[in-house]
Amino acid sequence: MAFAFVPALSLSLQSPREGLTRVSILQSRTPRLQISFNGSKLPSFSSFLLPRRCIFSLKFKSVSGRNLSEFTVKNKNYEFYDGVADVELRLDIGTMGVQDSSDIFVDANETSLLVRVKASGSLITLLDTNHLYEKIKPSETIWYIDEDQLVINLKKYDTELKWPDIMESWMSLTAGVSQLLKGTSVYLVGDSTEINQKVAGELASGIGYTPLFTSDLLERYTQQSIESWVISEGADSVAAGEGVVLESLSSHVRAVVATLGGEQGIARRSDKWQHLHAGFTVWLSKSEASDENSAKEEARMNMQDKNLGYTNADVVVKLGGWDAEHTQAVAQACLSALKQLLLSDKQLTGKKSLYIRLGCRGDWPNIKPPGWDPASGVDSSVEY
């Protein structure tokens, strides 16, 4: 079971077939990248976040006699080209006075890349990231000097995957994951309605989906607040109402839905997930852990509690704390985990679509044949 943890966030995802698995979002080596937000350092996030304000321009170009036309990203530091079997990075070194190839150092691992040049007696870092957009084959990395540019060619592990950028960042994830989702909606669950709503809004804005909050929809329909409804009729009544709303939303596409937290939320009830399975569910879970081992054990214990509905979620994002100013950081963690889930089984979006077409009968992930009656109790399943 692979697992990653930092004091601010830890990520895990659940395989729909094999229970809980973990995805290593962070690398084990000490991060070399220091990030500042608005001039102030945030050490809790600096190990995996990239600068929030990056300006990119897209263009199409053929490089080095190869057709690399899917994505081209250029900023003041580098040019990036995505091909079919490889990606190419170009860094300007013409003004650095590099004498020969012995002054260039390129260190590539599966998910990290360090590029340095020796110039004027100093070692200058041109690029340092331990979060490449996806895995590469480090043994097949080649580089050369083309006039005033250092050109680095990296071979992809997954030749079908398009890379929006060389690094996994907010901008590259919003572009890449929106393509992987293929219109499938995303549902955010967890004990905090506020967190669910804020992260849903940020996610929807990033990937171009519609943000929907079940609390708002319920309050508009009943003309009363959730709090007064709970007082007058009880949490069970509110949960039943949210179930009706989710049934209506289950046929929607390209939506990020924030569900109710706490006892009044239907997602907390393990036997009420029939319509939540219509999309990819993300459990935003606060963590009390202070280190990787305790977070790993905490997540394992959480997922063993089958009485808690949140354990049905496809993806788990552990929060070591909450600050609304860093909502985008949490949303980025959600996208990173969703990306790994979708790449682990590229048939998932198709299965979600089939599940919806067959009426969201509650048979996820083992979809039963057409005409199956959930009340029949028959457990024969068919893989599609």
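Some ground rules come with the model. Residues are numbered from 1 along each chain as its sequence is written. Because this is a predicted model, local features need pLDDT of at least 70 and side-chain atom pairs count only at pLDDT 80 or more, while totals for chains, interfaces and linings use all residues; side-chain values use heavy atoms, with hydrogens and water left out.

**The whole chain**

Let's start with the big picture. The protein chain has eight helices and 19 strands. These are DSSP runs numbered from the N terminus: helices are H or I with at least four residues, and strands are E with at least two. Of the 384 residues in the chain, 51% are buried. Buried means under 20% relative accessible area, exposed means over 50%, and partly exposed is in between (1.4 Å probe, protein chains only).

How much of the contacts with a separation of 6 or more comes from residues 24 or more positions apart? Such residues account for 62% of them. A contact here means heavy atoms within 4.5 Å.

Two strands pair if DSSP finds at least two bridges between them. The table lists three of these pairings.

| Strands | Sense | Bridges |
|---|---|---|
| β8 and β9 | antiparallel | four |
| β9 and β14 | antiparallel | seven |
| β13 and β14 | antiparallel | five |

Strand β8 covers residues 79-82, and β9 covers residues 86-92. A hairpin of three residues takes the chain from β8 to β9, and Glu79 faces Arg90 in β9. In a regular strand the side chains alternate between the two faces of the sheet. In β8, Glu79 and Tyr81 point one way and Phe80 and Asp82 point the other way, yet all of them are buried.

Now for β14. Six of its seven residues are buried, so β14 is largely enclosed by the rest of the structure.

Which side chain makes a polar contact with the side chain of Gln149? The partner is Arg90, at 2.7 Å. A polar contact is a pair of N or O atoms within 3.5 Å; within protein, one must be able to donate a hydrogen and the other to accept it, and residues adjacent in sequence count only if both atoms are side-chain atoms. Leaving out residues up to four places away in sequence, Gln149 touches Glu79, Arg90, Leu91, Asp92, Ile93 and Tyr144.

**Rings, charges and cysteines**

A search of the whole structure turns up three aromatic pairs. Rings of Phe, Tyr and Trp (its six-membered ring) pair if their centres lie within 6.5 Å; planes under 30 degrees apart count as stacked, over 60 as edge-to-face and the rest as tilted. One of the pairs is Tyr133 with Trp163, a tilted one at 6.1 Å centre to centre and 55° between the planes. Tyr133 is in the loop between β12 (122-129) and β13 (142-146), and Trp163 is in the loop between β14 (149-155) and α1 (170-181), so the pair links distant parts of the chain, 30 residues apart. Both of these residues are buried.

Tyr355 and Trp364 make an edge-to-face pair, because their ring centres are 5.9 Å apart and their planes are at 75°. Tyr355 and Trp364 are both buried. The charged end of Lys351 sits over the ring of Trp364, 5.3 Å from its centre. Likewise, Lys368 lies over the face of Trp372, at 5.0 Å from the ring centre. A charge sits over a ring if NZ of Lys or CZ of Arg is within 6 Å of the ring centre and within 35 degrees of the ring normal.

Back in the loop between β12 and β13 there is also Lys135, which is partly exposed at 39% relative accessible area. Among the residues that Lys135 touches are Glu110, Lys155 and Trp163.

How many disulfides does the structure hold? Zero, where a disulfide is a pair of cysteine sulfur atoms within 2.5 Å. Cys334 counts as buried at 0% relative accessibility, and Cys360 is buried at 3%.
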